[in-house]
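The following exercises are to be worked through with the sequence and the model at hand. Each task is followed by a stepwise solution.

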Amino acid sequence: MSEWLVLTIAMASACAVVLTTAVLSNRRIADDDDPSETPDVIEYMTMMIGVVYAIVLGLAIAGVWEGRSAAQESVRLEAQALHEVSARSAVYPVEVRDRIRADVDAYVAHVVGDEWKSMTDHGSLTEEGTRLLDRVRADVTEYKPRTDHEGQAYQPLVDQVAAVDDARGSRGQNAGATMPGVVWFGLITGAVVTVGLIFTLQIRRTFRELLLAGLFSVLIAFLLFLIWDFDAPFGRGISATTAPFVDLFPRATGG
């Protein structure tokens, strides 16, 4: 199911539930009921609960966005380090250089294709990706430089392979969901309580009040969807992309 379809259903459902409840509860209110009799302390508590929940939502959105940004940065660092390995291998003999570049291209093609799908579906890296990276490392570390120029390039190449491994590990750690279940419980419970407080203030069936109640519930649903979408940095619509690999390795990725 499309993420945008999920968003539409969630917002429509939240709005429908709130408006239906408001209309039904209004039928049970006596004609002589005066909504101005709501105690001031209830209005104050309603306001404070809304403010606290808004802060919690803001922190949750900031947290998942930071996780998404960190995931995208790990992809950029990995692609850049691989590009450095491919470029700096130019000082080696032709057969060694071509082998390194071919293995780098094979690793990139696997990451963009199979491994990215594995992160999306299962939240994990693949054993094949690990094997391909080990082959790149072996190409670099097992070669014995024959000249001073090759010797000067050897250690930087080894360092770049280590940077690839580190960035890949970070990408794997960011592949799954970042929000604990208890946080989701708090967010959803807070949404129910915050929206439910609308009825504490004795909302009426006037068009203006129903419109505001509907828009408020839609906003809450949208913000929760936003958190849910960012919660899987590689798995949903607004997620980290393979753009760094595609930009630096167009031949390997078919770009």
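**Exercise 1: Packing of two helices**

H3 and H4 pack with their axes 9 Å apart, at an angle of about 165°. Helices here are DSSP runs of H or I with at least four residues, strands are runs of E with at least two, and both are numbered from the N terminus. The model is a predicted one, in which local features need pLDDT of at least 70, side-chain atom pairs count only at pLDDT 80 or more, and totals for chains, interfaces and linings use all residues. Residues are numbered from 1 along each chain as its sequence is written, and side-chain values use heavy atoms, with hydrogens and water left out.

Task: State whether H3 is roughly parallel or antiparallel to H4.

Solution. 
Step 1. Axes are lines fitted to C-alpha atoms, for helices over the stretch in contact, and angles run from 0 to 180 degrees between N-to-C directions.
Step 2. Angles under 35 degrees count as roughly parallel, over 145 as roughly antiparallel, 65 to 115 as roughly perpendicular, and the rest as oblique.
Step 3. H3 is therefore roughly antiparallel to H4.

**Exercise 2: A residue of H4**

Task: Determine whether Gly129 is buried or exposed, and which residues Gly129 touches.

Solution. 
Step 1. Gly129 belongs to helix H4.
Step 2. Its relative accessibility is 0%, so Gly129 counts as buried (buried is under 20% relative accessible area, exposed over 50%, partly exposed in between, with a 1.4 Å probe and protein chains only).
Step 3. Leaving aside residues up to four places away in sequence, Gly129 touches Tyr107, His110, Glu115 and Arg168, a contact being heavy atoms within 4.5 Å.
Step 4. Among the H3 residues that meet H4 are Tyr107, His110 and Glu115.
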